[in-house]
Amino acid sequence: MRERSRTLAVPEKLGEGLAAIPEGAELDLDVRLESVHEGILVSAEVASTMHAQCGRCLKEFTTPFEVEFQELFAYTPTEADEYEVHGDHVDLEPPLRDAVVLALPFQPVCRPDCPGLDPESGELRDTEAAVVNSADIDPRWAALAGFAPEGARTNAVEAEVDHGSGETPESASK
């Protein structure tokens, strides 16, 4: 078994869309290489900085990014084995690229409670403004505004009192 730590510069951009690790960014790699019967088992931890655009408010931000992966490099590859040992070396670039790109978020957010953009004006909403205002009720749903939640709770209490005894709620309370 051997353990190695390296800091590499990313040769080309990893990822597409809203999140990526740009070309030239530092990639910290901690690798553990173990000899097993079938080949060499590689366990790796990768750390870098992800550059992204928030999927809600479209602001650019950077955040730490970490991913772990484990891959077997076979001595005698079969069709099922994707990677093989070349002499006494293993090429970590393909599984490293796969692990990093697949771990990047599809819809990154700058913070979990990001309110996003206002759908009408396109401007950034304040956190308080993200709460739906009762004055902004869709006219198609306006007819339902008269139903009070208290009335719904009262009906549920009456149904519990009935218990199928055949009595109406009024006669049960007498």
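Analyst: Start with a rule: two strands pair if DSSP finds at least two bridges between them. Strand S2 (residues 19-20) and S4 have 2 bridges and run in the antiparallel sense, so they meet the requirement of at least two. Ala19 stands opposite Ala52 in S4. Keep in mind that this is a predicted model.

User: What is the overall make-up of the protein, and in what order do the elements run?

Analyst: The secondary structure comes to 3 helices and 5 strands. From the N terminus on, the order is β-β-β-β-β-α-α-α.

User: How do you know that S1 and S3 are paired?

Analyst: Count the bridges. There are 8 between S1 and S3, and pairing needs at least two, so the label holds. The two strands run antiparallel.

User: What makes S3 and S4 a pair, and how many residues lie between them in the hairpin?

Analyst: The same test applies. S3 and S4 have 8 bridges in the antiparallel sense. The requirement is at least two, so they pair. Glu34 has Leu41 as its bridge partner in S4. The hairpin of S3 and S4 has 3 residues between the strands.

User: How many bridges join S4 to S5?

Analyst: Strand S4 (residues 39-53) and S5 are joined by 15 bridges and run antiparallel. Pairing needs at least two bridges, so these strands qualify. Val46 has Val67 as its bridge partner in S5. For His51, the partner in S5 is Thr62. S4 and S5 also form a hairpin, with 6 residues between them.

User: What makes Leu58 worth a look?

Analyst: Leu58 lies in the loop between S4 and S5. Leu58 has a positive phi of about 70°, although it is not a glycine. Most residues other than glycine have a negative phi.

User: Is Leu58 buried, exposed or partly exposed?

Analyst: Buried means under 20% relative accessible area, and exposed means over 50%. Leu58 has 45%, so it is partly exposed.

User: Why is Asp30 called partly exposed?

Analyst: Asp30 has a relative accessibility of 38%, so it counts as partly exposed. Buried would need a value under 20%, and exposed a value over 50%.

User: Which residues does Asp30 touch?

Analyst: Asp30 lies in strand S3. Leaving aside residues up to four places away in sequence, Asp30 touches Arg4, Ser5, Ser43, Ala44 and Glu45. Asp30 and Thr7 are 23 residues apart in sequence, but their C-alpha atoms are 8.8 Å apart in space.

User: Where is Asp91, and is it buried, exposed or partly exposed?

Analyst: Asp91 sits in the loop between strand S5 (60-74) and helix H1 (93-103). Its relative accessible area is 41%, so Asp91 is partly exposed. Asp91 and Phe73 are 18 residues apart in sequence and 8.9 Å apart in space, C-alpha to C-alpha.

User: Why do you say that S1 lies largely in the open?

Analyst: Look for buried residues. S1 has 8 residues and the number buried is 0, so S1 lies largely in the open. In the protein of 174 residues, buried residues make up 22%.

User: How much space lies in the largest pocket, and which residues are closest to its centre?

Analyst: The largest pocket holds about 510 Å³ of space. It is lined by 18 residues, and the closest to its centre are Arg2, Arg4, Leu33, Asp88 and Val90. Two elements give two or more residues to the lining: strand S1 (2-9) and strand S3 (26-35). S3 gives the most, with 5 residues.

User: How does the lining of the largest pocket divide by residue type?

Analyst: The lining has 10 nonpolar, 3 polar and 5 charged residues. Leu and Val count as nonpolar, Asp and Arg as charged.

User: What share of the contacts with a separation of 6 or more joins residues 24 or more positions apart?

Analyst: The share is 51%. A contact here means heavy atoms within 4.5 Å.

Definitions and conventions:
Residues numbered from 1 in each chain as written. Predicted model: local features only at pLDDT ≥ 70, side-chain atom pairs only at ≥ 80, totals over all residues. Heavy atoms only, no water. 1 Å grid on protein atoms, 1.4 Å probe; cavity = no way out; pocket = protein on both sides within 12 Å on 5 of 7 lines; lining within 4 Å. Points joined across faces, edges and corners; volume = space filled by probe spheres on them. Helix = DSSP H or I, 4+ residues; strand = E, 2+ residues; numbered from the N terminus. Buried < 20%, exposed > 50% of the residue type's maximum accessible area, 1.4 Å probe, protein only.
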